[in-house]
Amino acid sequence: MLLPAALPTPLTAVADPVLARAGVELRLKRDDLLHPAVPGNKWRKLTPNLAHALAEGRTAVATFGGAYSTHLRATAAAARALGLASFGIVRGEELADRPRNPSLAAAEADGMALEFVGRGAYRHLVGTGGGPYAERWGNCLVLPEGGSNALAVHGTAALPGELPGLGPRDVVCCAVGTGGTLAGIAAGLPPGARALGVAVLRGEGYLEGEVDALHRAAYGRTFANWRIDHGHHGGRYGRVPAALEEFAAGFEQRHGVGVERRYVAKALHAVYGLAAQGALAAGTRVTLVVTGLPDAVAVSRS
Ligand SMILES: *Cc1c(COP(=O)(O)O)cnc(C)c1O
């Protein structure tokens, strides 16, 4: 294994009277426990890409993200472990001279060279694979924002294989940022089972297009066994409304599992909301993929 990880990750049942009343069974797929420094879906998406980079003799990896990007931090940790240099383009010029937040501090501690650019320049650089910066990066693999590409999708497609006995009553649920994780899960499901993505940002239509494009890139076709819920993003990326905070804290207290707020809390909240609305049929078994760790835990480990 390229970056040794605890696979398969644990699968645990959640006994909850609220869900039981709706006839919905919930299990957690604990991908947050996969690797100490490269959590959850980031490990699954990065390892096939970095294996490819090493096989091609590349010496560096570069990518893009916001100030709180888990992808940047995970890429830095993985690159360091494999002896690759790493470069990160960060959205937000104004952050250059400010004290680093814990996420960027961790990326820098793992040797990632950060460049801070304005919003417009950032969009342009994402669209051009680094533009003029690419010349400085040497023999470098450039990963898209969020790390979602065809290889990443093949990586996350391995996840359903760790869930034996999936069938028509099963829904495998995950949060959706760029859609790579959802695309892989949907592609890896056996016939009858379905994937449910929960958007963590406003992106109705756009995100579906991204998932279709990733499926075409990875498999040459689209899939019809998935959908995205757009009712639980809380307004925008990173925003945690009071009701969501209360829900997540309550879940942590009742079940003793830390709930990462930007992604996992929104997906979990959606499962409860949809169950309460009757939008998940009685008899449904939901497997929620815990894609990452709460920030405080992630930073203390890296
Ligand atoms: C990055 C991230 C996601 C989003 O995954 P995509 O493949 O970009 O949709 C979900 N959950 C967590 C915890 C993440 O860090």
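**View 1. Overall dimensions of the predicted chain.** The radius of gyration is taken over C-alpha atoms, and the globule rule used for comparison is 2.2 Å times the number of residues to the power 0.38. In this predicted model, the protein chain has a radius of gyration of 19 Å, which agrees with the value near 19 Å for a compact globule because the rule is applied to 302 residues. The C-alpha trace spans about 60 × 40 × 35 Å along its principal axes, and the chain contains eleven helices and ten strands.

View 2. Of the 302 residues, 55% are buried, while the accessible surface comes to about 12300 Å², with 54% of it belonging to carbon and sulfur atoms. Among contacts with a separation of 6 or more, 73% are made by residues 24 or more positions apart.

**View 3. The open sheet of strands 5-4-3-6.** Four strands in this order form an open sheet with parallel pairing; its edge strands, strand 5 (112–117) and strand 6 (140–142), each pair on one side only. Neighbouring strands of the sheet are turned by 20 degrees against each other on average, direction ignored.

**View 4. The pairing of strand 3 with strand 6.** Strand 3 (residues 60–65) runs parallel to strand 6 and is joined to it by three bridges, and within this pairing Val61 stands opposite Leu141 of strand 6.

**View 5. Helices 3 and 5 against the sheet.** Helix 3 (residues 70–81) lies across strand 3, strand 4 (85–91) and strand 5, and runs at about 170 degrees to strand 3. Helix 5 (residues 119–127) also packs on the sheet, where it touches strand 3, strand 4 and strand 5, with its direction making about 135 degrees with that of strand 4.

Note on methods. Residues are numbered from 1 along each chain as its sequence is written. This is a predicted model: local features need pLDDT of at least 70, side-chain atom pairs count only at pLDDT 80 or more; totals for chains, interfaces and linings use all residues. Side-chain values use heavy atoms; hydrogens and water are left out. Two strands pair if DSSP finds at least two bridges between them. Helices (H or I, at least four residues) and strands (E, at least two) are DSSP runs, numbered from the N terminus. Axes are lines fitted to C-alpha atoms, for helices over the stretch in contact, and angles run from 0 to 180 degrees between N-to-C directions. Contact means heavy atoms within 4.5 Å. Buried means under 20% relative accessible area, exposed over 50%, partly exposed in between (1.4 Å probe, protein chains only). Accessible areas come from the Shrake-Rupley method with a 1.4 Å probe; for residues, only the protein chains shown count as cover.
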